[in-house]
Amino acid sequence: MRTISVAVARRTALAAQGFADQRPRGAPTRRHLQRMLSRVRLIQLDSVNVAVRAHYAPVFARLGAYDPSLIDDAAWKDTARKPRLLVENWAHEASLIPVEDWPLLHSGAKRPGWWRHYTKVVDESPGLVDDVLAVVKEFGPIGAGAIEREIVGASKRAPGTWWQRSDVKNVCEWLFGVGRLTTGTRKAFERCYDLPERVLPPQVLATRVDAEEGARRLVAGSATALGVATETDLRDYYRLGPQTTRQAIAELVEAGELEPVRVQGWRQQAYRARGAQAPRAITGRALLCPFDPLIWERARTERLFDFHYRIEIYVPEAKRVHGYYVFPFLLDGELVARVDLKADRARGVLRVQGAFLEPGADQARVASELAGELRLMAAWQELDGVVAGQRGDLAAPLRAIVG
């Protein structure tokens, strides 16, 4: 069994995530987006919109300034010339996935998520399931609030069949979780439900994959996205079960798709994806949102980068160490700083509410490169500039550059 250093594992992981590729010189295109998706496999969705929506940020980190309609059209618009590339599903969390992966996530390989708790409502109210599906069929794509109004209004006119508003929302979530509804579009980020047959290509809906094959293909996708990873890492990417993941890994190793390797300093066995590359060096820079797939598994981030990172959104303000919505800064293959960002649209600026240098990093160079990336992010979001605050040991040198 080969033994590799953490540095090699890190470069392998960065290359797998697309950070060994140069950003496009011109405006990124649909082809660039497809190449990126072939690497990362999924993009996480999140409702927090302090700096930028989570699903836009990983694309910016890899491709630079791009037109957000590139993602919007790929996920929520379908035309004859440009068919939909992405569909919403529960993957890592709520995520955008390639449409062809839909059968894998409904193969039985993935454990039911939190929506399974609504099964009781479904069992006790089968008529409500039919009502929700009927409303979506007639009016979709349609938001949960509008579905509620249609159903609750009708139930009040039919004594004995009145439904609670929360029941309607819970059934919508359950139907979405089991794949009987999906997202047709989004309006102001509200999910608008539609029937899968009106969103997905017929050949995708007709594809049947058993649980074992689904698990193998999902774990193989995780390995492609991660480059080199432990069983826990591979499992976490799509939130699969432990036994399911271990069996899939064993089968992929036997088939030559995964190579067992040792990574110096790692306690767990690691696996390298067939074809994974470890460039001699990684160059370039990127701001990583808290939901970027490179860093969302915190233990892996610490193993790869010696970088302790936690999201502090739910930490009381007085107890936060670095800030509310903190972006690690990647420079030449290392995480060298972190910045707490907020898009202040009322004043037209990107606010750096805190800036912190990692131990051993070159302060002058990091401040200069970070300022450049922040200005690029501000311009991408159509903000007039960057304003650096007072918090953190990198704040003063950053402020001296951005003004």
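Analyst: The model is predicted, so local features need pLDDT of at least 70 and side-chain atom pairs count only at pLDDT 80 or more, while totals for chains, interfaces and linings use all residues. Residues are numbered from 1 along each chain as its sequence is written, and side-chain values use heavy atoms, with hydrogens and water left out.

User: Which strands are the edge strands of the open sheet of five strands?

Analyst: Strands are DSSP runs (E, at least two residues), numbered from the N terminus, and two of them pair if DSSP finds at least two bridges between them. The order in the open sheet is β11-β12-β13-β14-β15, with mixed pairing. Each edge strand pairs on one side only, and these are β11 (285–287) and β15 (385–391).

User: In which sense, parallel or antiparallel, do β14 and β15 pair?

Analyst: Strands of a sheet pair through backbone hydrogen bonds, in either sense. Strand β13 (residues 334–344) pairs with β14 over eight bridges in the antiparallel sense, and Val-339 stands opposite Ala-355 in β14. Between β14 (residues 349–357) and β15 there are five bridges, and Leu-350 stands opposite Val-386 in β15. The sense of this second pairing is parallel.

User: How many residues of β14 are buried?

Analyst: Buried means under 20% relative accessible area, exposed over 50%, and partly exposed in between, with a 1.4 Å probe and protein chains only. Strand β14 has nine residues and is mostly covered. The number buried is seven.

Notes. Helix = DSSP H or I, 4+ residues; strand = E, 2+ residues; numbered from the N terminus.
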